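The following exercises are each paired with a worked solution.

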Amino acid sequence: MTTIRQRRVGKGTEAAEDQPSEETNVKQDGKIPPDPPGGKLWNILSITVGGIVAISLGLLTSVYVATLHENDLWFSNIKEVEREISFRTECGLYYSYYKQMIQAASIQQGLHGLVYDNKTESVRTINILERMNVYQEVFLSILYRILPIQQYLEPVYFYIYTLFGLQAVYVIALYVTSWLLSGTWLSGLLAACWYITNRVDTTRVEFTIPLRENWALPFFAVQIAAITYLLRTHLQPAQQRLTLMVVFVATFLFSLTWQFNQFMMLIQALALFILDCLDMLPTAKVTWLYVIQISGLLLVCVLQFFNSMILGSLLISFNVSVLIARTIQKNLKKGGLLNRLGKLILHVLLVLCLTLLINKFIKKILNLESDEHIFKFLKAKFGFGATRDFDAKLYLCEEAFGLLPLNTFSRLSSTLLFYVYGFVLFLLTVAAVIVAFRNLSGSNQAQLKEKMEEYTVTLKPDAAYSLVHTVLFGCLALSTMRMKYLWTSHMCVFASFGLCSAEVWKLLLKCLHLYTSQRTQVIKYSVPIITLLYISFKFWPGIMDELSELREFYDPDTVELMNWIKSNTPSTAVFAGSMQLLAGVKLCTGRTLTNHPHYEDKNLRERTKQIYQIYAKRSPGEVHGILRSFGTDYVILEDSICYERRHSRGCRLRDLLDVANGHIMDGLGENEPDLKPSVYPRFCEEIKKNLPSYTMHFTRVFQNKTFHVYKLAKHK
């Protein structure tokens, strides 16, 4: 089991063509006032300073997380095998393809090895570029090979520094988004500071470096920044075209680097759909964004050798359905309140039905089952599906896929982030409800606007998008803890924008009958500065202490296991075991695996369930037959799984297997009435007794405090 111990002292080292009615929620002041004397110079100076601060904060964040990674593991001083073991679970699997490309005799041979891979899943040849999102590893490995840096920089450092460098892109994108929303770079500064001081809840890059989300989220942040700019009014055609190009490129890169991209962009498409229905966004721009999402995903589909999971995604079905429904209902945004509401309900139902029909049709044609485990998990999580399904329970029992813990809010509150976020969210939600009601009721006549000018609540399109975005992703984070990083980073942007926005303070002061222009300007700058000072004085000492704390990687049992495998087994040997461990076996030793952590394939899920019978109550002959059917030569048993205490009864791996096999679970507690006792003892326990019925099939060849390796007899 991998642990971090205290380091011992010793070793060194968006157009003019948009309809006016589509932007009626934005209050127009008529003519644009001319810049005051020196205004242009001041704007240039402000943009320059703001840009320098953005880049500086981005680079500082990169250095910060890189230093934390080094201090936690003493990465520069540990052996290569220890560095590779530190890439836990699927992180190790992804990194292994980078290593494989680096070690290949040529780029062509490396690519051929990925397209025709027979070592990731035994007795099967699979296309890694189709199955997994590893183009980033391919690109990095090619870049490393062609750049003259081999003698100065090790491949592993080129890899991790690239990921830490993407954190700079991430922070700059968050900074720019907040700046665009509020109109002041002070907002961006506050957003970046909140991101850093809430690091535990905004990123996990320093200890899960190769994880797909660490590649994808910076591009998602760039996409959101570009969408924020695109939704501004009165953009020149050239500006709009350039921004649309940035949105497309960022969307494409986001989709290329993460297998869950379609689900994240589906939530984004829902946000656009809601706002378009409520007349809070220009329809032309929303249409472009739908098209960009579809085209970006289809381009990734082509690069992934027409991956059927992408073609069968709900995102493509939903976006196509929205575009079809809009052409059918051409007068959707005309009429009074009740008329519009009726049309709106019909529109939503039409889109929903079309989405389900198109998606079901595509999956039927393609015989697609790769993503069924995700829908099983969602059904079981919200009480709509069978809770006995092994794959669904495997996710449900993991803390990362549970509800967001309450202590998350206490940590976010300690930096004032959650308090400010709640305050801004409440004000903008009220404003959004008022604006949406006004848009739907058609109460935007010129006379009424002139009469109510001083009291009209407005909400800019970019702020409206940011509001719905944060609400939807907040719901996702509350339901699934692992997705909190999509919410908390945008929470920093949303809260800082609200605190530095003249519109937000103007709305609040008008409600309190305290509004003056001067007072708004004072509050707009003083409150953020006070907040920044508070954060600095409270958290700067803690950050310095954190950076000075030195630890060291320590996992001698796994190191011993990997070294034994490399030294004592043939390079063609096939290993069976837990998904997490086998990812490390492939990375460290290059041996062939029976299963692995990339779970987006039905055959692999069924295979994994069969391999895991080593922790169930099965006879030695049955287990041997199952393992040999996958070409297994060696099986690795882990005491931490066989005698698991991390999960409660009913969520231990052995309990999931027992229930799936129809057997009662171990230990005190209730069992479902149809479960029966097994006639065989638990395999992983009984094999250690060296009984003849076991030794005729399995021979122990390695053992330490954590792992037991058995060689399988090759019976005719």
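**Exercise 1: A helix and its span**

Solution. Helices (DSSP runs of H or I, at least four residues) and strands (E, at least two) are numbered from the N terminus. Next, consider burial, where buried means under 20% relative accessible area, exposed over 50%, and partly exposed in between (1.4 Å probe, protein chains only). Of the 28 residues of α7, 21 are buried, so the helix is largely enclosed by the rest of the structure. Just after α7, Gly 183 adopts a positive phi of about 90°.

The model is predicted: local features need pLDDT of at least 70, side-chain atom pairs count only at pLDDT 80 or more, and totals for chains, interfaces and linings use all residues. Residues are numbered from 1 along each chain as its sequence is written, and side-chain values use heavy atoms, with hydrogens and water left out.

**Exercise 2: A threonine and its contacts**

Determine whether Thr 228 is buried or exposed, and list what Thr 228 is in contact with, leaving aside its neighbours within four places in sequence.

Solution. Thr 228 belongs to helix α10 (residues 212–230). Its relative accessibility is 3%, so Thr 228 counts as buried. With contact taken as heavy atoms within 4.5 Å, and neighbours within four places in sequence left aside, Thr 228 touches Thr 177, Leu 180, Leu 181 and Asp 462.

**Exercise 3: The disulfides**

Find how many disulfides the count comes to, and state the pairing of the bonded cysteines in sequence order.

Solution. A disulfide is a pair of cysteine sulfur atoms within 2.5 Å; by this rule the count comes to 2.

1. Cys 397 and Cys 651 are bonded, with their sulfur atoms 2.1 Å apart. The torsion about this S-S bond of Cys 397 and Cys 651 is about -75°, so the disulfide is left-handed. The pair links distant parts of the chain, 254 residues apart: Cys 397 is in the loop between α18 (390–396) and α19 (407–414), and Cys 651 in the loop between α30 (639–642) and α31 (653–660).
2. Cys 642 is joined to Cys 684, S to S 2.0 Å. This link of Cys 642 and Cys 684 is right-handed, with 85° about the S-S bond. Cys 642 lies in helix α30 and Cys 684 in helix α32 (residues 683–686), so the pair ties together parts that are 42 residues apart in sequence.
3. Numbered in sequence order, the bonded cysteines pair 1-3, 2-4.
4. The sulfur of Cys 193 is 10 Å from the closest cysteine sulfur, in Cys 492, which is too far for a bond. Cys 277 is in no disulfide, the nearest cysteine sulfur, that of Cys 353, being 15 Å away.

**Exercise 4: The sheet**

State the order of the 5 strands in the open sheet and identify the edge strands.

Solution. Two strands pair if DSSP finds at least two bridges between them. The order is β4-β3-β5-β7-β6, with mixed pairing. The edge strands, each pairing on one side only, are β4 (592–593) and β6 (698–703). Strand β3 (residues 574–576) runs parallel to β5 (residues 634–638), joined by 2 bridges, and Ala 576 stands opposite Val 635 in β5.
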